Amino acid sequence: SGTGGAGTAQMSPTSPPRGAVALARSGGDVSPPPTRQSWQEAHHSPETMQKLQEDADLFLHQTLSTPCVNILSGCDGLYLVDGQGRYVCDFHGDTCHQIGYSHPKVIAAVKAQLDTLSYCPRRFTCEVSIALARRLRELAPRDLRGRCRVLF
């Protein structure tokens with residue numbers, strides 16, 4: 001609660017953690033580091049750099065998710081394929097790429113779901129969401145089962 005001994009920071013529940021603002025300014029879209037720009041110029045084609053600039057000019061980006069670092073033209077299994085045809089391993093850990101991009105089972109499940117209910121806003125629920133949440137809870141460590149909730 002912020003009232004501990006020496007070295008304990010006092011902060012309100014809405015204060016960002018110490019250093020968070022500096023991190024956002026050094027790595028996010030507030031002030032992209034010059035090293036990123038020089039790396040991109042050394043590794044990307046002029047066409048890719050033009051497309052990255054056009055993306056930056058057209059899109060409203062979220063902090064720490066921008067600026068975009070490359071252009072993608074495809075994906076396969078663990079790999080992203082950039083606009084210059086280079087394969088990059090994706091270890092980010094978001095959405096379905098843990099089992100592989102373009103995985104046939106994922107594609108079939110998505111296509112089947114699109115025929116039934118293409119989107120369900122979080123203000124509502126549906127059987128598929130409940131079933132997934134139930135399954136994720138079942139996969140949680142034993143001491144958390146029955147007590148944890150999910151967010152997706």
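Helices (H or I, at least four residues) and strands (E, at least two) are DSSP runs, numbered from the N terminus, and two strands pair if DSSP finds at least two bridges between them. The model is predicted, with local features needing pLDDT of at least 70 and side-chain atom pairs pLDDT 80 or more, while totals for chains, interfaces and linings use all residues. Residues are numbered from 1 along each chain as its sequence is written, and side-chain values use heavy atoms, without hydrogens and water.

**Exercise 1.** Describe how strands S1 and S2 are joined.

Solution. Begin with the pairing: S1 (residues 72-76) and S2 (residues 79-82) are antiparallel, with 4 bridges, and Leu-72 has Asp-82 in S2 as its bridge partner. Then turn to the connection, a hairpin with 2 residues between the strands, where Gly-77 in the turn has a positive phi of about 60 degrees.

**Exercise 2.** Continue from S2 to strand S3.

Solution. S3 (residues 87-89) runs antiparallel to S2 and is joined to S2 by 3 bridges; the bridge partner of Tyr-79 in S3 is Cys-89. This hairpin leaves 4 residues between S2 and S3, and Gly-85 in its turn has a positive phi of about 85 degrees.
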